[in-house]
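Visitor: I'm new to this one. Can you walk me through it in short steps?

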Amino acid sequence: MADITKLSIDDLRFLSEVEKTGILLRAGLLLNLSPSSSSRNFSRIRSYFPQEIFRLQEGKWYPTNYYLQLKPLIHQILEASEAMMDTQFDPSQTTRTFILTSVMTEISVVISGVLPKMIERAPKARLELRKLCKMLDSSQWPLET
C-alpha cells in the first residue's frame with residue numbers, strides 16, 4: 001500500500017482535482033502552482049506510490065484502479081480536514097498539551113519566543129519540550145527533557 005502519510009492535505013486536494021479534471025494545470029491552480037511546479041508536484045506525489053495512480057491518455061490523466069482503491073481514504077481525510085477547519089479553536093480556553101521536538105539550539109528560541117506567547121494567549125495549555133540527541137541506539141530518542 002502507499003505511504004499516504006507522506007502526503008499533505010494540499011497533495012490530497014491536488015490528487016482529487018486531477019481525478020476530477022484530468023488536467024494538471026487546473027489542479028495546480030487550486031494550489032496557486034505554476035505549470036512547471038504542478039508537474040513537479042505531481043511527479044513527487046506519484047513517487048510515494050508503489051503503482052501508477054494515473055495514466056496519461058490523449059492529453060488527460062485518468063485514475064488507475066489502484067488510485068480508485070485509495071480514493072475512499074483520500075476523500076475521508078479531506079472531509080475530516082474540512083470538518084477540522086470549521087471547528088472553532090479558542091487558545092485562551094484550550095487545555096491541550098502541545099509537544100515540540102527540537103534540537104538543543106532551537107530550545108532557546110522556543111523558550112524566548114513561543115513560551116511567552118503561549119502564556120499570554122493560551123494560559124491553560126501545556127507545552128512539552130523534547131530534544132533530539134545523537135545516540136548510538138536510535139530507539140531511545142526522542143528523549144524528554
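**A first look**

Guide: Arg13 is partly exposed, with a relative accessible area of 22%. Here buried means under 20% relative accessible area, exposed means over 50%, and partly exposed is in between (1.4 Å probe, protein chains only). A caution on sources: this is a predicted model, where local features need pLDDT of at least 70, side-chain atom pairs count only at pLDDT 80 or more, and totals for chains, interfaces and linings use all residues. Residues are numbered from 1 along each chain as its sequence is written, and side-chain values use heavy atoms, with hydrogens and water left out.

Visitor: Which side chain does Arg13 meet in a salt bridge?

Guide: Asp10, with N to O at 3.1 Å. A salt bridge is a side-chain nitrogen of Lys or Arg within 4 Å of a carboxyl oxygen of Asp or Glu. Asp10 is partly exposed, at 37% relative accessible area.

Visitor: Which residues are linked with Arg13 in a network?

Guide: Asp10 and Glu82 join Arg13 in a network of salt bridges.

Visitor: How many salt bridges are there in the whole structure?

Guide: Six. Among them is Glu52 with Arg46, whose closest N and O atoms are 2.9 Å apart. Glu52 is partly exposed at 45%, and Arg46 is partly exposed at 24%. Another joins Arg121 and Glu120, at 3.9 Å from N to O. Arg121 counts as partly exposed at 49%, while Glu120 is exposed at 56%.

Visitor: Back to H1. What distance should its 13 residues span?

Guide: 18 Å, at 1.5 Å a residue. The end C-alpha atoms are 18 Å apart, so the two agree. The expected span is 1.5 Å times one less than the number of residues.

Visitor: Which of its residues are buried?

Guide: Several in H1, including Leu12, Phe14, Leu15 and Val18. Asp11, Glu17 and Glu19 are buried too.

Visitor: What do the buried residues of H1 pack against?

Guide: Helix H2 (24–30), H3, S1, strand S2 (60–63) and H4.

Visitor: And what follows H1?

Guide: Gly22, whose phi is positive, near 75°.

Visitor: New topic: how many aromatic pairs?

Guide: Five. Rings of Phe, Tyr and Trp (its six-membered ring) pair if their centres lie within 6.5 Å; planes under 30 degrees apart count as stacked, over 60 as edge-to-face and the rest as tilted. Phe14 and Phe42 have ring centres 6.2 Å apart and planes at 50°, so the pair is tilted. Phe14 lies in H1 and Phe42 in H3, so the pair ties together parts 28 residues apart in sequence. Phe14 and Phe42 are both buried.

Visitor: How do the rings of Phe49 and Tyr66 pair?

Guide: Their centres are 6.3 Å apart and their planes at 80°, so the pair is edge-to-face. Phe49 lies in the loop between H3 and strand S1 (54–57), and Tyr66 lies in helix H4 (residues 65–86), so this pair ties together parts 17 residues apart in sequence. Phe49 and Tyr66 are both buried.

Visitor: Which residues do ring pairs link into a cluster?

Guide: Phe14, Phe42, Phe54, Trp61 and Tyr67.

Visitor: What about Ser38: buried or exposed?

Guide: Buried, at 0% relative accessibility. Ser38 is in helix H3, residues 35–46. Leaving aside neighbours within four places in sequence, Ser38 is in contact (heavy atoms within 4.5 Å) with Phe14, Leu24, Gly28 and Leu33.

Visitor: Now zoom out. How many helices and strands?

Guide: Five helices and five strands. Along the sequence the pattern reads α-α-α-β-β-α-β-α-β-β.

Visitor: What share of the chain is buried?

Guide: 28% of the 145 residues count as buried. Among contacts between residues at least 6 apart in sequence, 54% join residues at least 24 apart.

Key: Helices (H or I, at least four residues) and strands (E, at least two) are DSSP runs, numbered from the N terminus.
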